[in-house]
Amino acid sequence: MAMNTQGRPTAPGTTSSTEIQTYTGNRGLDHEEPLIFEIGDTGRTGVDLPDQPKAQSRLGGLERGAEIGLPGLTEPETMRHYVRLSRKNYAIDSGLYPLGSCTMKHNPRLNEKMARLPGIGDIHPLQPQSTVQGAIQLMERLAHYLMELTGMPAVALSPKAGAHGELCGMLAIKAAHEAKGSKRDVVLVPDSAHGTNPATAAFMGYRVKSIPAMADGTVSAEAVRAAIGPDVAAIMLTNPNTCGLFEREIVEIAKVVHEAGAYFYCDGANFNAIVGKVRPGDLGVDAMHINLHKTFSTPHGGGGPGAGPVVLSAALAPYAPLPFIRKDGDKLALVEDAGAAGDAKPFGRLTAFHGQMGMYVRALTYMLSHGTDGMRQASEDAVLSANYVRANLKDLMSQPFGGPTGDRPCMHEVLFDDAWLKDTGVTTLDFAKAMIDEGYHPMTMYFPLVVHGAMLIEPTESESKQSLDQFIGTLRFLANEARLGNDKTRFKEAPMLAPRRRLDETRAAREPRLRWRPATPKVAAE
Amino acid sequence: MAIEKFSKDHEWIRVEGDIATIGITVHAQDQLGDVVFVEVPEVGRKVAADEAVAVVESVKAASDVYSPVTGEVIETNGGLSATPGLVNEDAEGKAWFFKVRLSNPAELDALMDRAGYDAFVKDS
């Protein structure tokens, strides 16, 4: 038997709960990281460059005279700076990310492996098309599946995010109206819409007319009929909507919209609830963006660029933007030029190149690795997870549209309001901040706007039952604490354990400091 | 004495002669929270009743401010953009948004008086 001759302690020492102040400001191995400008020194460099002979300037006296003040860091300093910052990041890879209407699902590592294949990762958008036939074929496959899953005859792949996709769909709608010589300047938007919907319509010069929801949180065909007229160009509706509810009158709404000569834009942000279950094309939708970074698991939320392809109905298909894929015998071509578009009448183009290739690869990998049954099950599991959360919290937290017993099923996300916090002195914001101290990213709060103190939770299908149970346990604990009111500090002072305490959002907005300046200027001029 | 009226969109309007001064109510600023940005319309702009003519933004939300009446904007409270916090401090006084020369005073009849507005807020 070997003895512990090194004198190494085998039990933890007694701990004190008082917070100690450290010399460095670091909390153990959680480093208090300064800004890169505060670490660097203009006189330092990480690389040894040979001195250059002074080149003759051709800038006609406009040369910069002073130092520009870029921080010089050694390579290890640079590495440590960014690694330390990355450790402060909260990501789906580090924990459950319950943001509603954001579909923060797991990005399978297989997606990453495929996106890094040399034949995909190393190609360049300016390569001759004959050398990237495989990549174009991949885009064509993805386009095919997107059309198949939505029941729509055309797709524009290039939009780079949801809002960009909205712009694409609405530009196609505008082009279709213009082609008919129809001048319409109003877009209908339900008041539970994604904020980007009215923003897109307003950005394009449309007047936004809001449609109130019914008491059950959905939009009625009646309300749409009351608001529609010959001046209405389109309606923008999210389904399932941001209250986590399926718009049951959507087919009737589409009929009302089409009868008035308008088009139906559907916000596809919540498509994850219905993949393999409902085809938007069958509902009468004319245009819908699909967030590959939500529904099809490509990274987002700081993890990577978005991609928001837009599926289009036959009526809008001719106006799809450049570039689009055309089959030319056994070859595939990306049509880049309006002159070569043939019968099509593209409204223009949205991106310099063809869109986010890396996201196409990841999304297609997700589709192929899941299969039709797997994608359908992912949607079912996403809805099941949200309802599991709902059922386990309904006795403590109030739902605005949960029905008298709180048993009305939701889709992929469950919506609570703050009625249950009334008279506790705790607000939705306090509750969300307290979640940070428990190690969770808060849910979406104060959205949708139609609900007071909204808390919108979308667990997605990525979470195991064990993970959901821990999340539910945490919320139940906090909800009980808030109701009992014994320890308000837990809420009012939260977050207490995060690298930064609660931010003064008012002051940040009223006195924004958008540029760092040194305490004592090191730099003479800019 | 000035006529004081309120809209369902939480604007107050005070009318002297044919000039109406318009702002948002104390209740509205309370609901908005700390106001951080205000945009007022340009002088000379013709506005229709219920048209969105100004913007008020808090940490929580950005909201349109509607003109409850038709007319021409003759003066705006330019200082608000520099001190948006005034809306929280004195919503129904110093933090007025704009003044309109009324072109249809009959529109005032459709608006609420203070008692009516207080009851409206209580119910909503």
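Chain A contains 16 helices and 12 strands, where helices (H or I, at least four residues) and strands (E, at least two) are DSSP runs numbered from the N terminus. This is a predicted model, in which local features need pLDDT of at least 70, side-chain atom pairs count only at pLDDT 80 or more, and totals for chains, interfaces and linings use all residues. Residues are numbered from 1 along each chain as its sequence is written, while chains are lettered from A and ligands numbered from 1 in the order in which they are written.

**Exercise 1. Determine why strand E5 of chain A is described as largely enclosed.**

Step 1. Apply the criterion: a residue is buried if 20 or more other C-beta atoms, placed from the backbone, lie within 10 Å of its own, exposed if 12 or fewer, and partly exposed in between.

Step 2. Count along E5(A), residues 263-267: five of the five residues are buried, so the strand is largely enclosed by the rest of the structure.

Step 3. Examine the two faces. A:Tyr263, A:Tyr265 and A:Asp267 lie on one side, A:Phe264 and A:Cys266 lie on the other, and both faces are covered.

**Exercise 2. Identify the strands that pair with E5(A).**

Step 1. Recall that two strands pair if DSSP finds at least two bridges between them.

Step 2. Consider E4(A), residues 232-238, which runs parallel to E5(A) and is joined to it by five bridges. Within this pairing, A:Ile235 has A:Phe264 as its bridge partner.

Step 3. Consider E6(A), residues 287-289, which pairs with E5(A) in the parallel sense over two bridges. Here A:Tyr265 stands opposite A:Ala287.

**Exercise 3. Describe how the two domains of chain A meet.**

Step 1. Locate the domains: domain 1 covers 109-366 and domain 2 covers 372-510, with bounds from an automatic or database domain assignment.

Step 2. State the separation: the domain centres, taken over C-alpha atoms, are 30 Å apart.

Step 3. Count the contact residues (two residues are in contact if their C-beta atoms, placed from the backbone, lie within 7 Å): domain 1 of chain A contributes 18 and domain 2 of chain A contributes 19.

**Exercise 4. State the extent of contact between chains A and B.**

Solution. Six residues of chain A are in contact with seven residues of chain B.
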